[in-house]
Amino acid sequence: MERLTKRERVQRVFDLKEPDCVPVFPRNQAQMVYGMGWKLSDITGQDWYNSEKAALASLWCVEHIDYDVVYGCYYDMGFGVPLLGGVLDIPEKHGMSVQCVKHPVQSKEDWHQVKKKLPLDPLKDPRMKGALKSIGYVSSAIGRHTPVTPFYYTGICAANLLFMDVASLSELLTEDPEWVDEMCRCASDFAMDWIRAQYEAAAPGTQSWLYLCDFWGVELMSPAMAERYVSPYVIEMSKMVEKEFGQRTFYHVHGNLTRPKTQAWIEKLTKDANLIGLHLDKAHGPEWVKEVVNGKMGVAGGLPFRGGFLDKGPAEKIREECKRVLDIGAPGGGVIFVPTGQVLPSTS
């Protein structure tokens, strides 16, 4: 087979066909910055964002590490938070990530005040505005041949990042579920506006499928709760992107989905949201991905890399594990290799 462009290679995966080689897509966020020898404080603060450095870091990943998919900007979990009164920790050390040290909502009174600031306009947040400029730079430079994917979180995961910490939000699942519904609704309205802004910031014809992420999934709650606090928003966002931009969604969700109830949940969600693929966590081996994700669900799958030794080696152990996974998952196509969430700066 002749050598494909990265866009063509990934599209063959989504078509459940065998590409010239299996594409690689680490979900690279902070590590693209550390890979340049910079700290996060060189890229962003509470109310500023360096578009040029973010774009250079993104392009470096493609050129030097040869990823097949890229984010068009440096991404973290704090977009929109300072505008609502929250405070971010911008670490001065390598290897750390931006964290929210003070969430905007810690009481019902806080929530009443935060609601007055909604809906959030992405173009009024200097960090989001800077990220959008970076997306424009990157998509113009490589978007014709390399997928540049928009990215955000869904449902209760978005509510967690934007409004309230995990522990408090978890308690409200049983104590005040209607309040959780309201926060999920507001967070998802913000998420859809942010996703739209990313599409609109890109050079025409260069954006690819939407990448949605959810670390709650069935990792932090039951399938029944996920049906309420996750599913409606994944479906809504996916249908919005398909209707407005003609593209589909690759969904990353945490939790062991091989159990009967969780598998039934993800099968239904995949169909209802018309997902193009699933990026699952390391609880799912290549055999399961081929049999269930490719075979039963009929969508593309992410092949996880189980080793926690990618940055340390030995190199032969990495080769053996990669070969084992690819020997099972690669034949017949339909898979993207997702070796880890992020590649650490110490990785040779």
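Is Phe250 counted as buried or exposed, and at what relative accessibility? In this predicted model, Phe250 has a relative accessibility of 0% and therefore counts as buried, since burial is assigned to residues under 20%.

The aromatic rings of the model were examined next. In total, 23 aromatic pairs are found. One of them joins Phe14 to Phe250 in a tilted arrangement, with 5.7 Å from centre to centre and 55 degrees between the planes. This pair connects distant parts of the chain, as Phe14 belongs to helix α1 (residues 6-14) and Phe250 to strand β5 (residues 249-253), 236 residues apart. Phe14, like Phe250, is buried. Phe250 also takes part in an aromatic pair with Trp209, and here the geometry is edge-to-face: the ring centres are 5.3 Å apart and the planes stand at 70 degrees. Trp209 is found in the loop between α8 (177-201) and β4 (210-214), whereas Phe250 is in strand β5, so this pair ties together parts that are 41 residues apart in sequence. The relative accessibility of Trp209 is 5%, and Trp209 therefore counts as buried.

Lys53 lies over the face of Trp38, at a distance of 5.0 Å from the ring centre. In a second case, the charged end of Lys108 is placed over the ring of Trp179, 4.7 Å from its centre.

Helix α11 was then considered as an element. This helix comprises 13 residues (260-272), and its span from the first C-alpha to the last is 18 Å, close to the 18 Å expected at 1.5 Å a residue. Its buried residues are Thr262, Gln263, Trp265, Ile266, Leu269 and Thr270. Because these residues cover an arc of only 155 degrees around the axis, they lie on the same side of α11. Pro260, Lys261 and Lys271, on the other side of the helix, are exposed.

The surroundings of the buried side involve several elements. The buried residues of α11 pack against the helices α9 (223-229), α10 (231-245) and α12 (286-297), and also against the strands β5 and β6 (277-280). After the helix comes Asn274, which has a positive phi, near 55 degrees.

Notes: Residues are numbered from 1 along each chain as its sequence is written. This is a predicted model: local features need pLDDT of at least 70, side-chain atom pairs count only at pLDDT 80 or more; totals for chains, interfaces and linings use all residues. Side-chain values use heavy atoms; hydrogens and water are left out. Rings of Phe, Tyr and Trp (its six-membered ring) pair if their centres lie within 6.5 Å; planes under 30 degrees apart count as stacked, over 60 as edge-to-face and the rest as tilted. Helices (H or I, at least four residues) and strands (E, at least two) are DSSP runs, numbered from the N terminus. Buried means under 20% relative accessible area, exposed over 50%, partly exposed in between (1.4 Å probe, protein chains only). A charge sits over a ring if NZ of Lys or CZ of Arg is within 6 Å of the ring centre and within 35 degrees of the ring normal. The expected span of a helix is 1.5 Å times one less than its number of residues. The arc is that of the directions from the helix axis to the C-beta atoms. Contact means heavy atoms within 4.5 Å.
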